[in-house]
Amino acid sequence: MLDVGTIAQWMLEWYPPTTAESWDRVGLIAGSRATPVTRVLLAIDPVEVVAEQAVQLGAQMLITHHPLYLRGTSFVSEDDAKGRFISGLIRTNTALLNAHTNADVASSGVGQALADLVGVADTVPMVPSSDDPSIGLGRIGRLSSPIRLRDFAIVVAGALPAGPNGILVGGDPDRMVSTVAVSGGSGDSFLELAGDLGADVYVTADLRHHPASEHLEDGGPALICGSHWATEWPWLPVLAGALEERAAAQGEQLEVVVSQICTEPWFEHLTTTGSTADLATVPSEGTRA
Ligand SMILES: [Zn+2]
């Protein structure tokens, strides 16, 4: 039977911790390597609803993308959400492992999964790793044929998992796009790079008003801003396939469940419809003092 240690070893081979950013925390967070595993749950965020799902499923191991304690902690009491999360897992003997920036850069990682999902081929990393240029952060490649930004946005919206954020699209809707840069999760820092690399459009998440606005004003690539969770989630089914394939190759039983719980902080998206004309209170000439 498989155990936590064996699966942790596979993850280490596919997503070596040495490829993670120096500030990151990746690996086995809780649990014993000797614990037998027949069922694994995969999720993006280490949050309580996901821990509850793992316990309900009887999964002996939970693998998340995001770290639980990136900056360390002195307390794991159940006074706060992270304490309840980790205590619940320990109490039920459920192991927790994460792969974060080491999964972002990998050849079958978060960036590649997003590129594949939105139809970007012939990809190379946006930021090649110095040790191995075939891996790295983000991906840039091309579509099978150029299409208008408005049409590509429809493709992206139809491919990303459903969530409250949807996507935001910036730039000329009739611009033809064929070279596409993608980076799952927060992508502000690669805005300029996407332009330098010759992208027509950059697909990412968490873009802020000023960086995005200034980027477009400067004539940079068009922007498609999805949500953090939705742009990283496409990696989970890829990982599930790899885990099940490896287990089958070793003649072991392993059920891998991908959590479909959307762990965005938001639950709904409403398009605002208030009228700027009604809201503007410009005093008329006659009433001005
Ligand atoms: Zn992330």
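Trainee: What makes β6 and β8 count as paired strands, and in which sense do they run?

Mentor: In this predicted model, six bridges join β6 (residues 136-148) to β8 (residues 176-186). Pairing needs at least two bridges, so β6 and β8 are paired, and they run antiparallel. One of the bridge partners is Val182 in β8, which goes with Arg139.

Trainee: How do you know that β8 also pairs with β9, and in which sense?

Mentor: β8 and β9 (residues 201-205) share four bridges, and the cut-off is at least two, so they pair, in the parallel sense. Ala181 stands opposite Tyr202 in β9. From β8 the chain passes through helix α7 (residues 191-196) to β9, a β-α-β crossover that is right-handed.

Trainee: Why are the buried residues of α2 said to line one face of the helix?

Mentor: The buried residues in α2 (residues 48-57) include Val50, Ala51 and Ala54. Seen down the axis of α2, the buried residues fall within an arc of 100 degrees, so they line one face. They pack against β2 (39-43), β3 (61-64) and α3 (81-91). Just after α2, Gly58 has a positive phi of about 75 degrees.

Trainee: What makes up the side of domain 1 that touches domain 2?

Mentor: Domain 1 covers 4-102 + 233-258, and domain 2 covers 106-226. Nine residues of domain 1 are in contact with 10 residues of domain 2. Helix α10 (residues 235-249) gives the largest share of that side of domain 1, three residues. By type, the side has seven nonpolar residues, two polar and no charged.

Definitions and conventions:
Residues are numbered from 1 along each chain as its sequence is written. This is a predicted model: local features need pLDDT of at least 70, side-chain atom pairs count only at pLDDT 80 or more; totals for chains, interfaces and linings use all residues. Helices (H or I, at least four residues) and strands (E, at least two) are DSSP runs, numbered from the N terminus. A crossover is right-handed if, with the strands pointing away from the viewer, the path from the first strand over the helix to the second runs clockwise. A residue is buried if 20 or more other C-beta atoms lie within 10 Å of its own, exposed if 12 or fewer, and partly exposed in between; C-beta atoms are placed from the backbone. The arc is that of the directions from the helix axis to the C-beta atoms. Two residues are in contact if their C-beta atoms, placed from the backbone, lie within 7 Å. Domain bounds come from an automatic or database domain assignment. Ala, Val, Leu, Ile, Met, Phe, Trp, Tyr, Cys and Pro count as nonpolar, Asp, Glu, Lys and Arg as charged, and the others, Gly among them, as polar.
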